[in-house]
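The exercises below are meant to be worked with the sequence and the structure side by side. Try each task before reading the solution that follows.

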Amino acid sequence: MSVRDVLSPFAAWKHLFRDPVSIKDPFNREASERYRGFHQNDIEKCIGCGTCEAICQNGAIDMLPVSGVDGVQTRPGDSGLRPRIDYGRCCWCALCVDVCMTGSLSMSNAYKWVEADPDKFRYIPGVDKKHWDDYEHGYRRPEGHRLNAPERIEMPELEPGERIDSFAEIVGGYSVEQARLEADRCVTCGICVATCPTHMPIPEYISAVRDGDYEAGLKLLYDSNPFSQICGKICTRRCETTCAASHEGDPIAIRWLKRHITEQVPFERYRAIIGEPAAATGHSVAIVGAGPAGMTTAFDLARLGHKVHVYEAQSHAGGMTRYGIPEYRLPFDTIQREIDLIVSMGVEMHYNTRIGADISMAQLQQDHDAVVLSIGLWLGRSTRVPGSDHRNVYKAVDLLRRIRDGEQLQAPKSMVVIGGGNVAMDIARSMARLQQQQHGQIAITLTALEDKSHFLADPVEIKESIEEQVTILDSRGPQECMVDDQDNLLGLRTWRVHSIFDENGRFAPSYDDGDEMVHEGEWVVEAIGQMSDVAILGDELTEKLDWNRGRIQVDEDGRTSESWLWSAGDMVRGPDVVHAVADGHRTARSIHAHLSALDKQENA
Amino acid sequence: MMQSLYDRLKDRFNLGEFTGRRADLAFVTVSREQLRPLLLHLRDLEGFTHLVLLTAVDWIEDDTFQLTYLLNDRARARDIGVRLMLPRDDTQMDSIHDLWPTAATYQRELREMFGIDFPDSPRVNEDFILEGWVDIPPYRREFDTLRFARETYPERPGRETHDPATYMKQQLYPDGEDNG
Amino acid sequence: MAEYPDRSQYPAHLPDGSCDIDLSSGKYLKLWQGPNHPGITGNMSVELTVCGDEVVEGRTHVGYLHRGFEKLMERRTFIQCFPIVCRICVPEPDFNEYCYAAAVEELAGVEVPEKANWIRTLILEMGRVNSYLMYLGGQAGAFGQGVIGQWTTYARDLMLDRFEELTGARIYHMFILPGGVRDDLPEGFDQRMEETLREIESTLADVHDTMFRNAVFKKRAMGLGRVDPAWVDEYGVTGPVARAAGVAKDVRSDQPYLVYRELDLEPVIAHESDAYARADVRRRDLLMSVDLIRQVLARMPRKGPVMATLPNVLHWKIPRGETYVRGECSRGEYGYYLVTDGSGYPRRVNVRGPSYTHAMALLEKLIVNVNISDVAGLLVSLHTYPPEIER
Amino acid sequence: MKDELDKRLDNQPDGPERRGSLKDIPVREELLPRWVKGPEGQEYVVEPLQDYFCQAGPTVQTPAYTRIIEDLFNWARAESLWILGFGTGCGAIEMRPLMTPRFDAYRYGIQWRPTPRQANLFVISGYLSVKTLKRAIRSYEQMQNPKYVVGLGSCTINGGMYWDSYNTIKRLDDYLPVDLYITGCMPRPEALLQGFDDLKKLIRAGKAEGANHYAEHFDWYKANQKRVIKDWDMPDYSW
Amino acid sequence: MQFEWIMVPYSLLTLFIVVNYGLLLTALMQKIGARVGRRHGIPIWQNYVDLIKNYGIRSSITHGVMFYLGPVFRLTGGVGLLLFVPTLYGSEMFSNLSFAGDLILALYFIFFGSLGMALGAGESGHPHSAIGVSRGLSQVTTAELPFALAVFAIALQYQTLSVTEIVAAQQGSVWNWTLFTNPLAVAAAMLSFLGSMMRPPFDVVLAPQEIPIGPPTEYHSSYLALMQTNRVIFPIAKIVVYMNLFFGGAATWPVFFLKVFLIYFFSLFVGVVFPRFRVEQSVRWFLVWALPLGIAAILVV
């Protein structure tokens with residue numbers, strides 16, 4: 001202790017004549033650019049998946065319906081719910097922002113909110129207007145900062161070089177580890193369920209993959225879709241288009257995970273997991289056509305204890321999955337196992353039995369309590385352009401059926417495919433394989449009316465077609481199948497498409513005849529749509545039924561105007577496996593209700 | 001480093017399971033009789049002079065409490081966690097406050113939050129953190145804090161939420177099937 | 001100068017540690033300090049038995065801030081625990097974030113990117129600066145010198161501004177996630193940080209003149225609350241309190257974590273072991289932290305990711321295991337003991353805060369024979385923070 | 001001793017019920033009800049969990065002056081907010097910047113007082129554990145009418161991040177009359193200043209009558225407080 | 001000097017001026033102190049608002065008669081001290097009730113307030129109050145001792161006990177001030193002044209960090225308002241005594257304001273930069289440093 005210790009403290013007085021460092025106007029001070037203040041939500045971007053609610057450790061977030069506000073409504077891919085945040089709970093950790101699947105949620109740098117009424121601290125950002133809605137600064141999820149992996153686990157596939165000369169299955173299937181990682185990406189929001197035509201419990205079975213509980217997963221699958229193995233390979237997977245993860249990354253590979261479950265459970269266990277059918281009810285149902293819709297109906301009804309007879313014109317069941325989809329996408333044994341499983345529920349199959357020829361509808365009506373018509377779309381549509389009646393102009397469905405039936409087609413050296421849907425891709429790729437096998441080279445041109453961004457085919461199919469050396473030309477309208485003097489097909493002449501639909505949205509393509517191309521091809525294959533072969537119904541029944549634009553008119557349960565006859569599947573809904581399955585369920589439920597009502601009447 | 005220590009002490013103190021976590025951290029299980037000799041040995045001969053913490057883990061499914069005595073040897077920059085399994089129905093343990101006076105505080109906390117008694121530990125029965133607590137010791141696994149909070153402290157009403165999948169089902173396909 | 005406690009004139013301790021004091025004799029008075037007592041750091045209380053101006057016995061009472069973090073974490077997923085841990089310590093929350101994140105990363109086997117470790121070090125040192133600044137104000141305030149607190153709190157506010165622009169929050173930064181840190185440094189951060197550090201250094205020079213070279217302060221603080229080096233192990237003393245007693249205990253150099261191995265640092269020690277020495281150790285440690293911040297900014301890599309790829313945090317499960325992760329916070333050794341059982345939730349988390357030993361057993365030992373005027377000064381000189389004790 | 005206590009408790013009208021609620025719970029010995037002999041030889045049950053509670057209520061204090069004087073007082077009350085220096089939770093840390101150069105709340109007539117007798121504004125800085133709630137109620141009751149309460153942070157509104165904690169209250173307004181809430185976790189000093197500014201407006205308008213509200217609904221508040229505070233034992237003064 | 005009724009309104013006028021000046025001056029001092037802390041501090045009129053506020057508190061509780069009388073005694077001490085010494089030298093209006101032996105009375109009044117406060121605070125029943133009172137009494141006693149000695153010294157020096165006469169003796173030139181004629185006495189008195197202004201390093205009586213806030217702990221509402229009023233009057237009254245005894249008094253209000261400000265500022269100047277002594281340390285300090293000065297002052301005379 002010294003004199004210095006007494007005098008030194010007085011140095012503090014030097015601050016007397018300095019300006020105070022206080023903030024002049026603390027009431028209007030802006031927080032930093034990254035400040036985590038009050039929430040903002042772009043409600044048009046938001047899909048109401050509730051992931052923010054799931055991660056909030058404070059239980060501060062509720063999902064509330066806001067239908068009708070600014071065009072928000074419940075529709076596929078959008079639950080119509082929006083997060084409401086309770087500021088009596090929030091801790092501004094911004095995990096909700098970090099995890100937000102669409103990037104719609106963010107935080108402004110506003111931070112002042114004083115209220116006398118404690119119940120007012122709840123609001124739906126973006127819906128309940130706040131002055132910070134338009135704040136420019138605030139916390140946004142930093143680039144690259146993700147709490148769940150945005151990229152899909154790559155599916156092992158055959159390389160184009162390996163696959164092009166064989167019909168071996170391209171997709172290899174996930175390993176357990178890969179599947180677990182992919183399943184791990186799912187946030188279990190359940191937005192996809194509404195989009196799936198048959199409303200499979202997608203989050204639940206993905207959870208089963210995550211937990212490695214495959215038997216529980218299989219049970220979930222087969223309770224909602226008896227074509228799970230097939231759908232695991234070729235489903236059109238509407239669900240993935242609405243997957244929450246698709247907004248800022250790849251959607252979850254829902255289809256592959258489904259496939260993974262079916263692959264992980266030994267087939268011998270399937271039957272035990274699915275369970276025994278109910279006791280026989282004594283009712284009998286006839287189903288015409290052993291496609292997905294018919295077989296789903298059969299499966300459901302058989303499990304409920306009804307006796308089911310399936311009449312199939314072909315030698316094998318499976319319908320279009322058996323005869324319309326190339327083997328490299330869907331091997332035969334998968335179909336066969338699926339059918340065996342359904343048959344094992346007590347369904348009686350009548351193969352090679354053609355309605356009209358081998359048995360009449362009237363007979364079916366007489367022998368059974370209900371009849372389901374699910375004969376699919378087996379007749380290819382024609383472009384009807386000049387020359388399309390040439391012998392070397394084929395329908396894609398016919399060709400595919402012949403290939404799948406085992407017929408050894410002699411592939412042409414070159415050919416043109418008309419159409420931009422999955423069937424067009426299927427035939428192009430199948431023929432490419434045959435060309436490679438037989439000629440060692442591929443010369444296939446595919447022309448479609450639509451431009452590339454509006455192709456109906458699955459993008460993966462298009463990508464793989466190009467990999468397999470199929471030349472794809474978009475916006476080409478077919479004008480003529482050119483035939484030379486010797487009646488040999490030369491190829492297809494096309495014009496460029498201006499627009500496909502007129503102002504009223506009707507199909508009326510307009511062309512630019514200045515942009516003409518000729519695509520050389522020994523064959524031309526039309527893959528522009530299919531029709532149902534309703535001739536088998538017979539005149540009398542055709543007369544009785546109500547029709548709608550060439551399709552049988554059914555009510556929402558698939559019942560026709562005849563009380564004993566239902567109709568389901570592609571012939572009613574258009575071509576799609578999973579829709580057919582959904583239709584099958586619906587029809588089965590309707591029939592079951594009908595049969596139960598009959599029982600009640602009898603008992604009464 | 002830790003493995004060799006374990007090998008040396010294993011037979012002498014009849015040590016149980018050894019878990020090496022890092023090069024400088026390992027956990028070892030010991031029986032109740034051997035705890036005190038082991039701690040003394042570690043403290044006085046092996047250089048583990050610093051009691052880092054003493055706490056418990058409730059393995060309710062095995063019906064045991066795990067007591068963890070974590071010791072630090074600063075000179076050699078290593079830690080050892082001594083685990084002791086205590087049956088849940090006989091929650092009494094020997095106090096070590098005479099080895100480290102500060103252990104008395106940890107033991108008071110364990111008494112209060114887990115209901116593990118340390119007879120003879122100074123002031124072990126005094127209120128430590130809680131005051132007027134009449135339920136089961138809160139750190140035990142069977143104590144459900146959310147349920148307790150809901151029953152005791154009313155929340156602000158007016159909260160409701162919807163599960164997206166269920167809500168979409170109600171709105172879009174209430175019968176279980178849509179017609180699209 | 002106060003000698004080591006001489007209890008000969010007071011009743012002896014009973015074997016259970018309590019003291020048989022006959023309050024009805026009129027010789028003694030029970031005096032409660034806290035919880036709403038300006039001299040008490042945070043929300044805790046000290047129950048004093050005084051005889052005249054002298055404390056005969058003191059007992060720390062905590063639990064006023066008990067929220068049951070360790071219980072709450074058992075019902076939160078690993079990512080959900082992340083926002084809650086920082087609430088355990090307000091003046092220096094980042095240590096909780098770091099220790100928790102490091103423990104989770106270790107058990108889950110997550111590799112943290114190099115750059116994230118540098119940013120974490122930066123944040124921890126910034127937090128240490130804040131904590132020490134607040135301490136200095138508090139220590140002077142406890143002896144009745146308010147002006148130091150004015151200056152240091154202002155300096156701390158400047159550092160909070162840097163925190164705000166880096167982490168997006170003032171107090172609870174919630175920036176160190178398991179797997180890395182949230183974001184990179186903002187543009188121009190280095191320069192603004194340098195300005196702030198200069199301001200802090202000039203504040204510290206003022207503080208040195210006015211507080212440390214102050215006859216009255218010396219008179220009050222020197223000799224107050226002497227910690228015997230032998231107590232360091234007995235009472236689990238860590239951090240500046242141990243270093244002021246001449247024990248160079250500093251986790252940063254004993255068991256270097258993050259990037260401390262690559263930084264130049266030397267534990268600051270003193271030998272007097274009284275309140276003044278502790279304050280001085282902290283002041284010098286603060287200057288070292290300022291230097292460490294400069295080192296980090298000068299040497300850290302500027303490119304690369306700041307966050308490891310995590311599995312989907314919504315259902316993140318960690319295999320069974322247990323670990324203990326420690327760090328050197330401004331008050332001493334901070335550590336997390338984490339036990340996992342293979343589920344998506346921690347089985348048990350135990351937070352080891354330095355105040356746990358300092359404010360309980362050590363304080364109760366030191367407080368005997370202290371003048372009641374010095375109770376606040378003594379308590380502050382241990383730099384305790386009650387939520388670490390009760391969580 | 002315990003058996004006898006049980007027996008005697010059973011003879012009380014609500015004895016079995018009271019004992020039943022405590023029976024299987026490991027309550028500390030000193031918190032159990034016990035029999036005590038009074039100075040004149042009479043015996044009575046002491047129940048430490050309830051008995052230390054003061055039942056006397058505050059009274060409503062009406063503004064007894066003419067309107068213009070009351071307005072003057074309200075203006076003075078608004079411009080002279082003396083905050084009780086009781087940091088009940090983590091929000092207390094943002095008080096320091098307010099007291100110090102950066103935000104300097106003294107400019108706005110806001111000061112801190114160490115004793116509740118002299119303070120007229122109680123800032124509940126965040127969550128209240130049951131143990132602190134007891135002291136906070138004591139402090140509040142020691143303050144003089146008119147007095148104001150500001151709830152700071154989410155946890156005073158609806159529990160905040162401690163919504164599932166067994167030891168913190170969720171709704172401050174169940175236990176004390178609250179004039180204003182400032183949301184945030186924790187609210188910045190600027191938000192606090194805004195809150196105090198809003199409080200001033202309330203006071204000037206004569207709308208901040210929490211103390212009288214407390215007196216009027218004393219029984220309701222006490223019932224709520226008693227529901228969560230089981231042990232009313234406390235030092236005679238607490239600061 | 002004869003008592004005349006006109007002195008009553010004159011005295012009240014003095015009181016009015018001093019109260020207002022005190023309110024502003026204490027606020028100004030706070031602002032200056034705040035400046036050292038690098039901030040603005042309270043508005044200059046804040047003390048008025050606080051005063052009105054405290055009178056406007058609706059409820060109050062009492063711990064007994066003495067609890068109520070404490071602030072009254074304290075105020076009496078302040079007002080008494082002010083009124084029995086001349087505020088302005090040579091002004092009939094502002095010479096108040098000063099009379100020949102007023103120096104002794106002034107000393108008495110300086111103590112009177114503290115004693116009253118001690119009785120009142122003691123009755124509040126709060127241990128912090130009690131501790132504060134015991135600290136206050138021991139410190140005030142030792143702190144006033146040098147002052148008393150200094151007063152004794154200058155009483156000897158000027159051979160009078162009348163403040164007015166002491167002031168008169170200092171007129172003419174600055175060099176006539178006691179400050180220069182008897183610097184030792186002034187030094188002793190100024191050290192004592194530090195001890196009585198409740199600022200560090202001698203504010204152990206209030207010591208918010210130790211015994212918040214000592215004797216007035218339990219005081220509130222109008223009791224507190226009374227004490228606040230006293231707190232602006234008493235220091236100024238005391239400074240008036242100092243000014244008259246040591247710094248040549250003041251003949252006009254501007255001089256008065258300036259001198260009071262400077263003397264008041266002295267306590268602030270020291271107070272802002274130091275922590276506080278413990279009570280036994282400050283007692284020892286006064287005994288070691290201030291008391292010998294006072295004795296020396298007497299010896300010199």
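Predicted model: local features only at pLDDT ≥ 70, side-chain atom pairs only at ≥ 80, totals over all residues.

**Exercise 1. Find out whether chain B and chain E are joined or apart, and give the distance between their closest C-alpha atoms.**

Solution. Take the closest C-alpha atoms of chain B and chain E, which lie 24 Å apart. Two residues count as in contact if their C-beta atoms, placed from the backbone, lie within 7 Å, and no contact joins these two chains.

**Exercise 2. Determine which chains share the most contacts, and describe the side of chain C that takes part.**

Solution. First, go through the nine pairs of chains in contact; chains A and C are the pair that shares the most contacts. Next, list the residues on each side, which gives 34 residues from chain A and 31 residues from chain C. Then place the side of chain C that touches chain A on the secondary structure: at least two residues are supplied by each of helix H2 (78–85), helix H5 (146–167), helix H6 (189–212) and helix H7 (215–221) of chain C.

**Exercise 3. Follow strands E16, E17 and E18 of chain A, and state how they are joined.**

Solution. Start with strand E16 (residues 476–483) of chain A, which runs antiparallel to strand E17 (residues 489–501) of chain A and is joined to it by seven bridges. Within this pairing, Glu480(A) has Arg493(A) of E17(A) as its bridge partner. The two strands form a hairpin with five residues between them, and in the turn Asp487(A) has a positive phi of about 65°.

Continue from E17(A) to strand E18 (residues 507–520) of chain A, where nine bridges join the two antiparallel strands. Here Arg496(A) stands opposite Asp512(A) in E18(A). E17(A) and E18(A) also form a hairpin with five residues between them, and Gly505(A) in the turn has a positive phi of about 80°.

**Exercise 4. Describe chain D, and say where its pLDDT stays under 50.**

Solution. Begin with the secondary structure of chain D, which comes to seven strands and nine helices. Of its 239 residues, 54% count as buried. Among contacts in chain D between residues at least 6 apart in sequence, 77% join residues at least 24 apart.

Methods
Residues numbered from 1 in each chain as written. Chains lettered and ligands numbered in written order. Helix = DSSP H or I, 4+ residues; strand = E, 2+ residues; numbered from the N terminus. pLDDT = per-residue confidence, 0-100. Buried ≥ 20, exposed ≤ 12 C-beta atoms within 10 Å, placed from the backbone. Pairing = 2+ DSSP bridges.
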